[in-house]
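Dear colleague,

I am passing on the structure we talked about, and I would be glad if you could look through it alongside the notes below. They go through the domains, the backbone and the salt bridges in turn.

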Amino acid sequence: MTIDLEALYIDLHQHPELSFQETRTAGIAAAHLRDLGLEVHEGIGVTGVVGVLANGEGPVVWVRADMDALPVGEQSGRPYASTATGIDPAGNTVPVMHACGHDMHVTAMIGAVEKLVAERGEWTGTLVVLIQPAEEYGAGARAMLDGGLLDLVPKPDIVLGQHVTPLPAGTIGVRPGTQMAASDGLTVTLHGRGGHGSRPHSTIDPIVMAAATVMRLQTIASREVDPRDVAVVTVGSIHAGLKNNIIPAEAKLELSLRYPNDEMRDKVLASVERIVRAEAAASGAEREPEIRTDHTLPPTINDDEATARVTTALQRALGEASVIDPGMFTGSEDVSWFARDTGAPLVFWFWGGVDPAAFAAAMAAGTLDKDIPTNHSPFFAPEIHPTIEVGVTALSAAAREFLA
C-alpha cells in the first residue's frame with residue numbers, strides 16, 4: 001500500500017512537538033519504518049528513531065531527518081495550520097508550530113525510504129535512517145550518538161541530509177565546502193547591585209550595563225570583522241527585573257554567534273568576552289560577569305568529492321537547471337556531528353518550498369525579505385506539492401548514488 005504523504009505531512013504539521021518531546025512524531029515515523037520492513041530502534045537520544053534496511057553487501061548510507069518544532073504561534077493562514085501548545089523547559093505554556101519545516105523533512109524521509117524499499121532489487125548495501133530529535137536545541141544528534149547509536153548500526157560510508165528552505169519549489173541548493181555556519185549559544189549574566197528605583201545612585205544598574213553591552217557587541221561584526229568575511233552576533237533575549245521601581249541585581253543576555261570556521265570563532269568569542277567584561281568594569285560592577293556556553297555546533301562542511309557525486313545525481317533526477325549553488329547559509333545545524341564522530345563524508349543540501357510564481361514576483365519587486373517567509377517565521381509553510389515529491393526524489397537519488 002502506498003503511503004499518503006500529503007496526509008502524513010498535514011498530520012505532522014497539525015501535531016508539532018517541542019525538542020525532546022517528539023513522542024507522537026517518533027511513534028508515527030517508527031510505525032511507518034516498521035511497515036516498510038526496516039529494523040527499528042526507538043528512544044535513542046531520548047526520542048530518536050533509527051531504522052535499518054540491510055540489503056546485501058555494499059556501502060552503508062546514513063540518511064537523516066529532524067523532527068522537532070518551535071515555540072511559535074502559526075499565522076500562515078493554511079487550513080491545516082497548527083493550533084497546538086506545549087510546555088517549554090521553563091514550564092511555560094507556549095504555542096507550537098513547525099516553523100522550520102521538520103514535518104516536511106520527516107515526510108520526505110518516509111517517502112524516500114518507501115521508494116528505496118520498492119527499488120531494493122536495484123541496489124545493495126545498508127540504509128540507516130535517522131529520525132533525529134531536538135535539532136532546534138543543537139542537541140539531538142549529540143544525544144543520539146551519546147545514547148548508543150553506534151552500538152546499534154554500522155558506521156557510515158556517507159551521511160546525507162536535506163532541509164526545506166525559502167527557495168522556489170523544485171530548486172535544490174547544494175555546494176561543496178562550508179554549507180552552514182558554526183554556532184555557539186551563550187548566556188551572559190551581568191551582576192549589579194539592586195535597590196530602589198528612586199535611588200539609582202545607591203545601586204549598580206545591570207539594565208544599563210546590559211544595554212551598553214548589547215550596543216557594543218554589535219561592533220564586533222561591523223568594526224572588528226573584515227567586511228569580506230562572515231560573522232553574526234545576535235542578542236536574542238534580555239531578562240532583567242520584575243517591577244518598574246526596583247533596580248534588579250542582575251541581567252541576563254542570550255547570544256547567538258555564527259561563523260564559517262574555527263579561526264573566526266576564536267576571534268568572535270574573544271571579542272565577546274572582552275566587551276562583556278569591559279562594560280561590566282565600566283559600570284563599576286563588583287562581581288565579574290558570567291559567560292556560559294549553552295551549545296556549540298560545528299560548521300556544516302560538505303565533502304568535495306561526495307558533493308560532486310550528489311550534485312550529478314540530483315541533476316540527473318531533477319534536471320540540471322534545478323540544482324544551484326545557494327552560497328553559505330549563516331544558519332547552523334547539528335547534522336555534522338554524525339559525520340564527525342564516524343569519520344564519514346557529509347553532504348547536506350537545501351530544497352525549495354516556495355510557490356515559484358510568488359518567489360519570482362517578490363524577486364522582481366525586490367521584496368524577497370518582506371514577502372517570502374523564512375524558516376522560524378510564524379508565516380512559514382511550504383507548498384505541499386511539489387515540495388514533498390522533490391524532497392523524496394532528491395533524498396532517494398542521493399542515497400542511490402552511493403548504494404551499489
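The C-alpha centres of domain 1 and domain 2 lie 34 Å apart. Domain 1 is made up of 5-180 + 299-402, while domain 2 covers 182-297, the bounds coming from an automatic or database domain assignment. Please keep in mind that this is a predicted model, in which local features need pLDDT of at least 70 and side-chain atom pairs count only at pLDDT 80 or more, whereas totals for chains, interfaces and linings use all residues. Residues are numbered from 1 along each chain as its sequence is written, and side-chain values use heavy atoms, with hydrogens and water left out.

Between the domains, 12 residues of domain 1 are in contact with nine residues of domain 2, contact meaning heavy atoms within 4.5 Å. The two domains bury about 810 Å² between them, 63% of it on carbon and sulfur atoms; buried area here is the accessible area (1.4 Å probe) that two parts lose on being put together, summed over both. On the side of domain 1, the residues that lose the most area to domain 2 are Pro-299, Thr-330 and Ser-332, which together account for 52% of what that side buries.

Across this interface the rule finds zero salt bridges, a salt bridge being a side-chain nitrogen of Lys or Arg within 4 Å of a carboxyl oxygen of Asp or Glu.

**Backbone features**

As background, most residues other than glycine have a negative phi, and most peptide bonds are trans. His-385 and Pro-386 are joined by a cis peptide bond, with omega about 10 degrees, and Pro-386 sits in the loop between α11 (368-371) and α12 (387-402). Helices (H or I, at least four residues) and strands (E, at least two) are DSSP runs, numbered from the N terminus.

The loop between α11 and α12 also holds His-376, a residue other than glycine whose phi is positive, near 80 degrees. His-376 is partly exposed, with a relative accessible area of 41%, where buried means under 20%, exposed over 50% and partly exposed in between (1.4 Å probe, protein chains only). Phe-20, in the loop between α1 (5-14) and α2 (23-35), likewise is not a glycine and has a positive phi of about 65 degrees; its relative accessible area of 25% makes Phe-20 partly exposed.

**Salt bridges**

By the rule given above, the count comes to 24 salt bridges. In one of them the side chains of Asp-334 and Arg-64 meet at 2.9 Å, N to O. Asp-334 lies in the loop between β17 (323-324) and α9 (336-342) and Arg-64 in strand β3 (residues 60-66), so this pair ties together parts that are 270 residues apart in sequence. Both Asp-334 and Arg-64 are buried.

Another salt bridge brings together the side chains of Arg-400 and Glu-119 (2.8 Å, N to O), linking helix α12 with the loop between α3 (102-118) and β6 (125-132) across 281 residues.

Asp-294 counts as partly exposed at 39% relative accessibility, as does Arg-292 at 48%. Finally, salt bridges that share partners join Arg-64, Asp-66, Glu-333 and Asp-334 into one network.

With best wishes
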